[in-house]
Each structure stands twice: as structure tokens, then as C-alpha cells.
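Trainee: I have a model open and want to learn to read it. Can we go through it in questions and answers?

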Amino acid sequence: MTPEIHLHVLASGSKGNAAVIEGPEGNILVDCGISRRELMRRATEVGVDMDRVHAVLVTHEHSDHVSGLSVFCNHYDGPLYATAGTVAGRSYLAEMPFTLVDHSQDLELCGMHVRCFPTSHDVNDPMGFRFETGGDALGWCTDTGYVTDEAMEALYGCRILGLESNHDERMLASGPYPAFLKTRIRGEAGHLSNDQTASILPFLVTSDTETVVALHLSQENNRPSVCMRTIAPAVCAEAANDGFTEARTSDGLLSLCVAAQDRPLTIW
Ligand SMILES: [Zn+2]
Ligand SMILES: [Zn+2]
């Protein structure tokens with residue numbers, strides 16, 4: 001199978017999120033929670049042509065996913081997609097020309113079939129996506145307290161799998177966050193822990209899977225190496241570098257890495 005979909009994570013974490021899914025007929029921007037200036041700087045750094053962004057998808061209305069959207073849209077006049085709940089969740093989103101989608105809907109964008117699925121988060125109506133074309137597939141699931149049945153089905157067997165691995169449960173428990181915030185993060189509408197991600201990876205990864213990208217790592221309650229030490233053994237992968245921030249299976253067919261808050265990452 002020839003890779004036809006490529007992933008550029010421009011920012012991932014509670015200080016801002018943005019990713020570009022590069023398809024055969026254009027690019028899709030997923031979330032825009034960093035400034036346009038930073039977005040364009042990072043896109044240039046990884047060689048992504050933002051003039052080829054022909055669609056924008058929004059996962060949910062938290063500001064770390066939408067704060068840069070209005071300014072971005074001053075220079076973009078293509079379609080924007082989100083659920084009615086997401087659009088209603090921020091007054092400035094409601095003023096933008098969104099095409100409303102249902103989280104059980106399929107879209108055809110940039111030469112890719114895009115399947116939307118519900119996630120579980122403390123917002124109106126959040127979603128994740130599976131992008132697919134010509135046998136290639138990429139899954140995207142972040143900001144979710146657990147992985148819904150629909151998400152499990154949609155994320156199965158993707159060549160590239162972007163999956164949240166937000167916090168280490170012990171670091172969260174002993175860390176500085178107030179009790180209400182700890183309860184929120186570990187709740188069913190919060191964020192996936194490293195242990196949760198590890199527990200579902202074996203059910204999502206198949207022989208078609210080449211890369212797992214851990215998303216939305218907490219800066220206070222996680223570390224890339226802590227995340228990797230937890231999730232890599234679940235798919236029999238071992239350290240691929242000194243710091244154990246990357247892992248690989250012994251046959252070299254599956255790699256795991258972490259997306260960063262401040263540094264872009266490209267997966268071909
Ligand atoms: Zn977020
Ligand atoms: Zn969120």
C-alpha cells in the first residue's frame with residue numbers, strides 16, 4: 001500500500017492544538033488553537049503548504065483547539081466543519097460560516113473519505129476523525145475521557161494513529177492540580193491517561209499500523225518518556241532512543257512517538 005495521507009502535528013497539548021492532514025487533493029486543518037503566525041511558522045518549518053488547506057475541521061470548542069481560528073479565517077475562505085454543539089459553544093464560532101456536521105457523518109474532503117465519530121469530553125458535542133483513501137488510513141482522537149465504541153471501530157487498523165495519551169495517573173494523583181481539576185481530567189468526559197491508551201492500543205493496532213503518535217501530553221502530569229514506557233509495552237515495542245521518547249517493535253514495522261506542544265512533527 002502506497003502512503004497517500006501524511007500527518008503534520010503543528011502543536012499538541014493544553015496550550016494549543018493544530019494538525020494538518022495532507023491528502024491527495026489538498027490539506028485539511030484539524031483545530032486551530034495557536035496563533036496564525038505560529039501556525040504558519042511551523043507549517044513552513046515542516047514544509048506544509050497552507051495555501052493547499054481546503055477544509056478545516058474542529059474537534060470541539062475548548063480554546064486550546066479554536067483560539068486561533070478567527071484570525072486564520074481572515075486569510076482563508078474555504079469550508080469549516082464542526083458539530084452544531086461545538087459551534088454553539090463559543091459566540092465567535094457561531095458568527096463564522098460553519099457547515100454543521102453530525103458526529104456520525106461521513107465527508108469527502110481533499111480526496112479523502114472522512115468519518116466523524118463522537119468522543120467523550122466536557123463540551124457540547126465533540127468528535128474525532130478517520131481519514132481514508134486508496135487503502136491508506138489515518139485516525140485522530142484526542143480530548144476524550146474514554147474511547148467510545150464508535151471511535152474504537154473508526155480507529156481500527158489505521159496506518160497512522162494519533163491518539164491522546166494525556167497524563168500519567170500517578171503523576172496526576174500526586175501533582176499540584178486542585179482536586180476538582182484532577183477529578184475532571186480523570187473523569188469519563190476528561191482526558192485519556194497513558195494507562196487507558198495502553199489498554200486499548202492492542203485492539204487498534206494491526207499489521208497495517210506503522211506509526212502511533214501520542215497526543216495532548218500534559219506538561220504537568222506527564223513526560224514523553226513516562227508516556228512511552230507505559231504505552232510501548234502494550235504493543236511489544238521497545239525503546240528506540242536513549243531517552244525512551246520513541247519506541248519500535250523488533251521487526252521495525254511499528255513505531256511510536258509523542259507529539260509536542262512546541263515542536264512540529266511530520267509522519268509520512
Ligand atoms: Zn485540548
Ligand atoms: Zn478539550
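Trainee: Of the contacts in the chain with a separation of 6 or more, what share joins residues 24 or more positions apart?
Mentor: Two residues are in contact if their C-beta atoms, placed from the backbone, lie within 7 Å. Count the contacts with a separation of 6 or more; residues 24 or more positions apart account for 62%.

Trainee: What should I know about the model and its numbering?
Mentor: The model is predicted: local features need pLDDT of at least 70, side-chain atom pairs count only at pLDDT 80 or more, and totals for chains, interfaces and linings use all residues. Residues are numbered from 1 along each chain as its sequence is written, while chains are lettered from A and ligands numbered from 1 in the order in which they are written.

Trainee: What radius of gyration does the chain have?
Mentor: The radius is taken over C-alpha atoms, and the globule rule is 2.2 Å times the number of residues to the power 0.38. For 268 residues, a compact globule would come out near 18 Å. The chain agrees with that, at 17 Å.

Trainee: How many helices and strands are there in the chain?
Mentor: Both are DSSP runs, numbered from the N terminus: helices are H or I with at least four residues, strands are E with at least two. The chain has 10 helices and 16 strands.

Trainee: Which strands stand at the edges of the 7-strand sheet?
Mentor: Two strands pair if DSSP finds at least two bridges between them. The sheet is open and mixed, in the order β6-β5-β4-β3-β2-β1-β16. Each edge strand has a single partner, so one side is left without a neighbour in the sheet. The edges are β6 (98-100) and β16 (265-267).

Trainee: Which residue in β5 is the bridge partner of Leu57?
Mentor: Strands β4 (residues 53-57) and β5 (residues 80-82) run parallel, paired over 2 bridges. In β5, the partner of Leu57 is Tyr81.

Trainee: Which strands stand at the edges of the 9-strand sheet?
Mentor: This open sheet is also mixed, in the order β7-β8-β9-β10-β11-β12-β15-β14-β13. Its edge strands have a single partner each, so one side of each lacks a neighbour in the sheet. They are β7 (106-109) and β13 (237-239).

Trainee: Which residue in β15 is the bridge partner of Ala214?
Mentor: β12 and β15 (residues 255-258) run parallel, joined by 4 bridges. The partner of Ala214 in β15 is Val258.
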